[in-house]
Amino acid sequence: MGNIYFNYINGKWVPSCTNETYASINPANTEEVLGYFQQSNEEDVESAITSAENAFKEWANTAAPTRGDVLFKLIQLLEEKREELAILITKEVGKSLREARGEVQKTIEAMKQFSGEATRLTGETIPSHNSDIFAYTVREPLGVVGVIAPYNFPLGIGIWKIAPAIIAGNTVVFKPASNTSLISVKIIELFEEAGVPAGVINMVTGPGGVIGNAIGNHPKIKAVSFTGSTDVGLALGRAVSTRGAKMQAEMGGKNPSIILEDANIDETVENLVISGFLDNGQRCTGTSRVIVLKSIAKELTEKLVARAKKLVIADGFEENVDNGPVVDEGQLNTYLHYVNSAIEEGAVLEYGGKRLTENGLDKGYFVAPTIFSNVTKDMTIFREEIFGPVIGITTVDSYEEALELANESDFGLSSTIYTNDLNKAFHFVRNIESGVTHVNIPSNYFENQYPFGGKKASSIGPREQGSTALDFWTDYKTVYIKP
């Protein structure tokens, strides 16, 4: 039996008014229950909003650099607890311990980069037409805001949404992904230990349809930041925008990697493994579409298959593991659904395409890294996000055709081109319809000091992170003074 964990409202751990719980399980061993969490409802969200509302005035009036001190303490705590947090991520998400440690490190880097932003909540002074008037702008917090985080980077995304929200002076109602609830409890404990006052951050666990809708539709929630699927994000965005609140969403991707004849094939294959297979492809920026020139398609496919065969799939705690299980049964079934649809529609299965059950893997949601060739633009596998370790290879006759196909998508999050042709590389960078792009680098590469977000159905609202991190969380006030 796992422990029972509670919601966090007004600085206290409290049960839901429903008296119901749900389990978070280890996807590598479904017999292991990591804990039971509150199956909350709208009434719990209401309590959290009231708590945040009561805390807002005092927090907003706290000097911004004082608010920022929380992050310096948070960095120290993340450093101290890095191994404990990585172990927890591996247990709850399923990713390898190596990848989990990478997530903790990325989170620390993000907070180091962001930690000084409290002293950079800048406005501007501009000369008035009237010499008697002094005019300037200041940035102010919005009020009570909602943060809805996904399961794939539960520590990183949870923290790098909450941190700018509170540094700007807002108070937060946080809804984590149900299958990473234990990590989210740890996030709250970290912020609490870092000195965040009661009511400034509140957490309510429970089903996304109930809690997410309650946050999205509540008139007192001034802004919602969401990361997750495009369908959910667009629906939530409509609800939030209809009532005049602010919406920020990082959603799906169907990210292309174009490979030209002059690319270094061996390096490219390694990069495709990193971006398409590691973390089981459960990255919104991961490569799922490979668009390759016909002349090198056979060599690329053969080398990618050979490399995929060497990947070690096992419990994330075992040595030299590349991938653990996918996060839950729903994601396993999604993977199997898209594999079947690709086969039915005529794609050629080059490798993988199955659940792995040998050597004790039958207790978890383990799947094989999967490669399809002969993928055409009309196939479901070319158009829809799988969020699994599946790469579809499409062949083309020219760079121009490759670019056209890369842009033939509802999504526009990330992209990559592999080439040593500088002219084509720069042409690609100018013409690819994605918010993040790369040349000879995996499509999931990012650094926190740069803004992050996509085009088309991949994003709504201002970019996260980097120089834009506070844009979403503040409003400008323009001040005119005549002595």
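Leaving aside neighbours within four places in sequence, which residues is Leu 155 in contact with? In this predicted model, the partners of Leu 155 are Leu 78, Leu 85, Ile 89, Glu 103, Val 104, Thr 107, Ile 183, Ile 187 and Leu 190. Leu 155 belongs to the largest nonpolar core, a set of 60 residues. Together with Met 111, Ile 166 and Phe 191, Leu 155 touches the most other members of that core. Helix H5, spanning residues 154-167, supplies the largest share of this core, with nine residues. There is also a second, separate core, made up of 56 residues, and Leu 278, Val 326, Ile 386 and Ala 402 are among them.

An open sheet of mixed pairing is built from seven strands, running in the order E13-E14-E15-E12-E11-E17-E18. Strands E13 (348-351) and E18 (438-439) lie at the edges and have a single partner strand each, so one side of each is left without a neighbour in the sheet. Within the sheet, strand E14 (residues 370-373) runs parallel to strand E15 (residues 390-396), and three bridges join the pair.

Helix H10 (residues 294-310) touches strands E11 (255-259), E12 (287-293), E13, E14 and E15, and its direction makes about 145 degrees with that of E12. Helix H13 (residues 399-407) packs on the sheet too, touching E11, E12, E15 and strand E17 (416-418). For helix H13, the angle between its direction and that of E12 is about 160 degrees.

Conventions. Residues are numbered from 1 along each chain as its sequence is written. This is a predicted model: local features need pLDDT of at least 70, side-chain atom pairs count only at pLDDT 80 or more; totals for chains, interfaces and linings use all residues. Side-chain values use heavy atoms; hydrogens and water are left out. Two strands pair if DSSP finds at least two bridges between them. Helices (H or I, at least four residues) and strands (E, at least two) are DSSP runs, numbered from the N terminus. Contact means heavy atoms within 4.5 Å. Axes are lines fitted to C-alpha atoms, for helices over the stretch in contact, and angles run from 0 to 180 degrees between N-to-C directions. A nonpolar core is a set of buried Ala, Val, Leu, Ile, Met, Phe, Trp, Tyr and Cys residues joined through side-chain atoms within 4.5 Å. Buried means under 20% relative accessible area, exposed over 50%, partly exposed in between (1.4 Å probe, protein chains only).
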